[in-house]
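The points are arranged by region.

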Amino acid sequence: MSDITRVALDAMGGDNAPAEIVKGAVAAVKKQKGIKIYLTGKEDVLKKELSAYTYPEEMIEIVPATEVIETAEPPVMAIRKKKDSSIVVAMNLVKQGKADAFVSAGSSGAVLVGGQVLVGRIKGVERPPLAPLIPTEKGVSLLIDCGANVDARPSHLVQFARMGSIYMESVLGRKNPTVGIVNIGAEEEKGNALVKETFPLLKECKDINFVGSVEARDIPSGNVDVIVCEAFAGNVILKLYEGLGATLIKKIKKGLMSSLRSKIGALLIKPALKATLKDFDASQYGGAPLLGLKGLVVKTHGNATANEVCNSIVQCVTFKEQRINEKIQEAVQSQEEKKES
């Protein structure tokens, strides 16, 4: 296996493209050795952006793409028609084996569709879920799915639990990670039809550490390592999490600046407060991988800045080193063999 992790980066996707995307790419190759980045996008624009930086030039290469898929475009149509878009060109690099991973802050729909159509699913994976790490009192938990499958079936959620467990054990080093299903109460008989049908299936799984239901209010405490849900609930949890976190930070800062006494206090607690707030900055954990594909696809926030882009690129190194795709493939194949026997 090559020591170089090759990342195809959609340089034209996202609210802050291409400036913050390029800045993040430069930061990544400076931060960690062994990363080669293919920037896909408009060549003249990207050359101009790169000219502002000093970096190991052999580690960043521009791959021209003349089109851009906008957020509002129908994703299926966009992937089919805009074959020279920065997203499609970058994903094809992964499909052709020229890149190990794909990263984008662009259209979520296009990334999800392109991931399945171009990169392709691992055989036996029913639906690939988006799985971001979210900050908690005990560190981080994996929220799976947060936006890919709004009409998931029980069998999908069981696969999400397995893939999420593999991710947490391999990437975060959590031995025998705990798994919980999002519910409106702790009792097994509570929940909608999907949760009620999935709960006993998860209980029967001997290869995961299922601990039962997890209510939304318990998620920030980090009681479980893997939080399983369908994409509608997951996306609501994620967006509320982000919005509430940003609001609390604003309120804290405003309160600390409200009087002379509070300003003096703010100076005294600033180092400790800064360190605490950093733990709840989701951008430091990178993007959300789309698990269960033949190659690594990572979706970062649409408003991602250079820091999040950099961390999304760097996390691809760990993903490759820990053979996440291979481990998921082995787990899925093992389950398929059990069904047949």
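This is a predicted model: local features need pLDDT of at least 70, side-chain atom pairs count only at pLDDT 80 or more; totals for chains, interfaces and linings use all residues.

Across which strands does H5 lie, and at about what angle does H5 run to E11?

1. The six-stranded sheet. Six strands make up an open sheet, ordered E3-E2-E1-E4-E11-E10, with mixed pairing. At its edges stand strand E3 (60-64) and strand E10 (288-289); each has a single partner strand, so one side of each is left without a neighbour in the sheet.

2. To answer the opening question, H5 lies across strand E4 (101-104) and E11, and runs at about 175 degrees to E11. Helix H2 (residues 43-50) lies across strand E2 (35-41) and E3, and its course makes about 160 degrees with E3.

3. The pairing of E10 and E11. E10 and strand E11 (residues 296-299) run antiparallel and are joined by two bridges. Ala-288 has Lys-299 in E11 as its bridge partner.

4. Strand E2. Is E2 enclosed or open to the outside? Seven of the seven residues of E2 are buried, so this strand is largely enclosed by the rest of the structure. E2 pairs with E1 in the parallel sense over six bridges, and Val-7 stands opposite Ile-37 of E2.

5. Thr-5. This residue belongs to strand E1 (residues 5-10). Its relative accessibility is 3%, and Thr-5 therefore counts as buried, the cut-off being under 20%. Apart from neighbours within four places in sequence, Thr-5 is in contact with Gly-34, Ile-35, Lys-36, Asp-100, Cys-316, Val-317 and Lys-320.

6. Val-111. Helix H5 (residues 108-119) contains Val-111, which counts as buried at 2% relative accessibility. With neighbours within four places in sequence set aside, the contacts of Val-111 are Ile-87, Met-91, Phe-102, Ser-104, Leu-290, Val-297 and Lys-299. Val-171, by comparison, is 60 residues from Val-111 in sequence and 22 Å from it in space, C-alpha to C-alpha.

7. The five-stranded sheet. A further open sheet has five strands in the order E5-E6-E9-E7-E8, again with mixed pairing. Strand E5 (133-136) and strand E8 (209-214) are its edge strands, each pairing on one side only. On average, neighbouring strands in this sheet are turned by 30 degrees against each other, direction ignored.

8. E6, E9 and helix H6. Strand E6 (residues 139-144) and strand E9 (residues 226-228) run parallel and are joined by three bridges. Ile-144 has Val-228 in E9 as its bridge partner. Helix H6 (residues 154-171) packs on the sheet, where it touches E5, E6, strand E7 (178-182) and E9; the direction of H6 makes about 150 degrees with that of E6.

9. Aromatic pairs. How many aromatic pairs are counted? The count comes to two. In one, the ring centres of Tyr-167 and Phe-319 are 6.2 Å apart and the planes stand at 55 degrees, so the pair is tilted. Tyr-167 lies in helix H6 and Phe-319 in helix H10 (residues 306-321), so the pair ties together parts that are 152 residues apart in sequence. Both Tyr-167 and Phe-319 are buried. In the other, the rings of Phe-199 and Phe-210 have centres 5.1 Å apart and planes at 80 degrees, so this pair is edge-to-face. Phe-199 is in helix H7 (residues 193-204) and Phe-210 in strand E8, eleven residues apart. Phe-199 is buried at a relative accessible area of 6%, and Phe-210 is buried at 15%.

10. Helix H8. With 26 residues, helix H8 (residues 231-256) reaches 37 Å from its first C-alpha to its last, close to the 38 Å expected at 1.5 Å a residue. At the start of H8, a side-chain oxygen of Glu-230 comes within 2.8 Å of the backbone nitrogen of Phe-232. The buried residues of H8 include Ala-231, Gly-234, Ile-237, Leu-238, Tyr-241 and Leu-256.

Technical notes: Residues are numbered from 1 along each chain as its sequence is written. Side-chain values use heavy atoms; hydrogens and water are left out. Helices (H or I, at least four residues) and strands (E, at least two) are DSSP runs, numbered from the N terminus. The expected span of a helix is 1.5 Å times one less than its number of residues. Buried means under 20% relative accessible area, exposed over 50%, partly exposed in between (1.4 Å probe, protein chains only). A polar contact is a pair of N or O atoms within 3.5 Å; within protein, one must be able to donate a hydrogen and the other to accept it, and residues adjacent in sequence count only if both atoms are side-chain atoms. Two strands pair if DSSP finds at least two bridges between them. Axes are lines fitted to C-alpha atoms, for helices over the stretch in contact, and angles run from 0 to 180 degrees between N-to-C directions. Contact means heavy atoms within 4.5 Å. Rings of Phe, Tyr and Trp (its six-membered ring) pair if their centres lie within 6.5 Å; planes under 30 degrees apart count as stacked, over 60 as edge-to-face and the rest as tilted.
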